[in-house]
Structures are given as C-alpha cells and as structure tokens.
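Here is a short briefing to read alongside the model.

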Amino acid sequence: MIWNRRHLLDLQSLSSEEINLILDVAREFRAVGERDVKKVSALQGKTVVNLFVEPSTRTRISFELAALRLSADVINFTAEASSLKKGETLKDTVRNLEAMNADFIILRHGASGAPHFLSRFARSHVINAGDGAHEHPTQGLLDAFTIRERKGRIAGLKVTILGDILYSRVARSNIWALKKLGADVTLCGPPTLVPRVFEQMGCRVTWNVEEAIRGADVVNLLRIQHERQRKTMFPSIGEYASLFGLNQARMSLLHPEALIMHPGPINRGVEIESELADGGRSVILEQVTNGLAVRMAVLYLINGGRPGEVH
Ligand code: CP
C-alpha cells in the first residue's frame, strides 16, 4: 500500500490499512534508531516548522528530533515570542512561514479544528500535533504501535482508557485507532468526564474502576485536563485519586501481563501511584521512544517515502 495524503489531520478519517502502513514504517524507523548512525537523508533540503501555540515537551521535541534524523532543516516557532502576541492571525502566520518555503507545518493549537482550517489553504503539509480536545493523531499512533510491538497484535485485546475522556484529544485518537484495529475499548472515569455519548464510538462506558480494569490487557491512564475544564468536574484531586487512581490493589485485577500506559505529563499520586509509573508493567517511556519512530514514519510517508525503502 502507498500513502497518498498530503496532511495528517486526524485518525478518524484514516483506514485501518493506512494506520497499519504508518505502524509498519515506524518499525523500520525504530530499527534505524537502534543503529550507530541514526540519520537518513529522506527529508534533505526540506524545512519543517514546529508551530506550537500550546505547551509541549514530548511532542515538540519528538517532532524536532524526527525531522533532524530525516535530515530536514527545523524551525521551532515559539508562540509567546511571536507576532501572534501582537494580533497576527494563524492564517497570516502560516502564509509568512510558507513565503520562507516551509514544507511542513506541525501545529499544536488549543482550538479544535485548527489544523483542518490550515489545510484548506496551506501549500505545505500540515500535521496535527494536538488540537484542543479533538485529536492527537501521532499520540494515538504511537500508543497503538507500542501495544502492537509488545503484544504482537491489537485485535481482540481489552484496552481500558481511564481518566478525563471528555476533554482528551489523546482519548479520541486512541479510540479511533484501536477500534479500527479491532480492540475492545472500555472507558472509565467520573461520570462528568465519561459521558455515555462515547458508546456511539463503539466503546463500553463504565464509572466503576474495578469493573473497567478487571482482566484488561492494557490500561491507558489520562491526565485531568484542568486547562480545558470550564467548571469543577469532581470534588477534589484526592477523591479522584482514591476512586480512579491506579494503585497496587487495583493492579491485581489486571491481566498479569498487562501494560500500563500514560501519554504524559504524569501527575504522580493522582492518576497513578509513583511506584507503578516506574514499575515493571509500565511502558510509559517506551511510548516516548516509539513516538520518535512514529513521527519519522509520518514525515517520511507524507514526503512521498515508500515502505521497505528506509535506508
Ligand atoms: N503526550 C503529549 O502530548 O505530551 P506533550 O504535551 O508534552 O507534548
């Protein structure tokens, strides 16, 4: 199969074949990352702009390193120090970046749909690095990749996503990818953050954490997105930790080989006990390593690269 999209805006519109293509090519790039020489020339002469209008550690640095490993020139745009602060629009900002021949715009923005808006006029390739509570496609892909590499498959696995689902772009991208690849997905958290409307995406919704995680092959823990919540969605952080946090007692309910995942940043002692985050079942840092390979694969495929031709 050949990739034939100009942009990566979401996982909702991707087929399972397209998702598997990215994961297959990511596997090739993970092998590149284990070599002495970790750089390839696929994007030589291309310019990648990291346009992050919301904070990020993992995604921004991972995209920067991915582009550098593909031999691209990389510009890190800092919104706080830019003319966005003087009232310049996102559209004018991108047009000016394109006037300097930017080939890729990697956009993180607080507004859902911002990358889709850019894609309507951009000459460059647009990649969504997280838009509001809508989607975070490369996070969904790296999570699927991590599960597939560890478990050898995704179809038929019991995956529980636990936490703030309502405001989470990571949850939505995970749900799209995992459902398309055949996983059984359960969502759990406080009722105010896990509305039944998510059943329409083919997920099981429960507000009972023990029921949600019993026998799970994978538990993906999500941070409470205080920055997106307009009102208090539960009584206190302490109550959230006691009712929904992953602790030693709850660990015993999982499948003995279960994976513990978290997209980061972690609130230790809230969504997960600190020892479990650093424990043997945690693949949290492996997710970060895999994110680099996945983002290299996305840039490579959008640039016209083909599977099996990574050197
Ligand atoms: N997982 C994730 O998106 O982390 P950052 O916000 O640090 O990029």
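The C-alpha centres of domain 1 and domain 2 lie 26 Å apart. Domain 1 covers 16–136 + 289–302 and domain 2 covers 137–284, with bounds that come from an automatic or database domain assignment. Their contact (heavy atoms within 4.5 Å) takes 28 residues from domain 1 and 26 residues from domain 2.

This is a predicted model, in which local features need pLDDT of at least 70 and side-chain atom pairs count only at pLDDT 80 or more, while totals for chains, interfaces and linings use all residues. Residues are numbered from 1 along each chain as its sequence is written, and side-chain values use heavy atoms, with hydrogens and water left out.

**The β-α-β unit**

- Strand β1 (residues 47–52) and strand β2 (residues 73–78) run parallel and are joined by six bridges; two strands pair if DSSP finds at least two bridges between them.
- Helices (H or I, at least four residues) and strands (E, at least two) are DSSP runs, numbered from the N terminus.
- Within this pairing, Thr47 stands opposite Asp73 in β2.
- Together, β1, α2 and β2 form a right-handed β-α-β unit: with the strands pointing away from the viewer, the path from the first strand over the helix to the second runs clockwise.

**Helix α2**

- The 12 residues of α2 (residues 58–69) should span 16 Å at 1.5 Å a residue, and the end C-alpha atoms are 16 Å apart, which agrees; the expected span is 1.5 Å times one less than the number of residues.
- Thr59, Ser62, Phe63, Ala66, Ala67 and Arg69 of α2 are buried, where buried means under 20% relative accessible area, exposed over 50% and partly exposed in between (1.4 Å probe, protein chains only).
- Seen down the axis of α2, the buried residues fall within an arc of 160 degrees, so they line one face of the helix; the arc is that of the directions from the helix axis to the C-beta atoms.

**Backbone details to look up**

- Ser71 is not a glycine, yet has a positive phi of about 75 degrees; Ser71 lies in the loop between α2 and β2.
- Ser71 counts as buried because its relative accessibility is 19%.
- Asn101, also not a glycine, has a positive phi of about 65 degrees and sits in the loop between α3 (90–99) and β3 (104–109).
- Asn101 counts as exposed, at 55% relative accessibility.
- The peptide bond from Gly264 to Pro265 is cis, with omega near -10 degrees, and Pro265 is found in the loop between β9 (259–261) and α10 (274–277).
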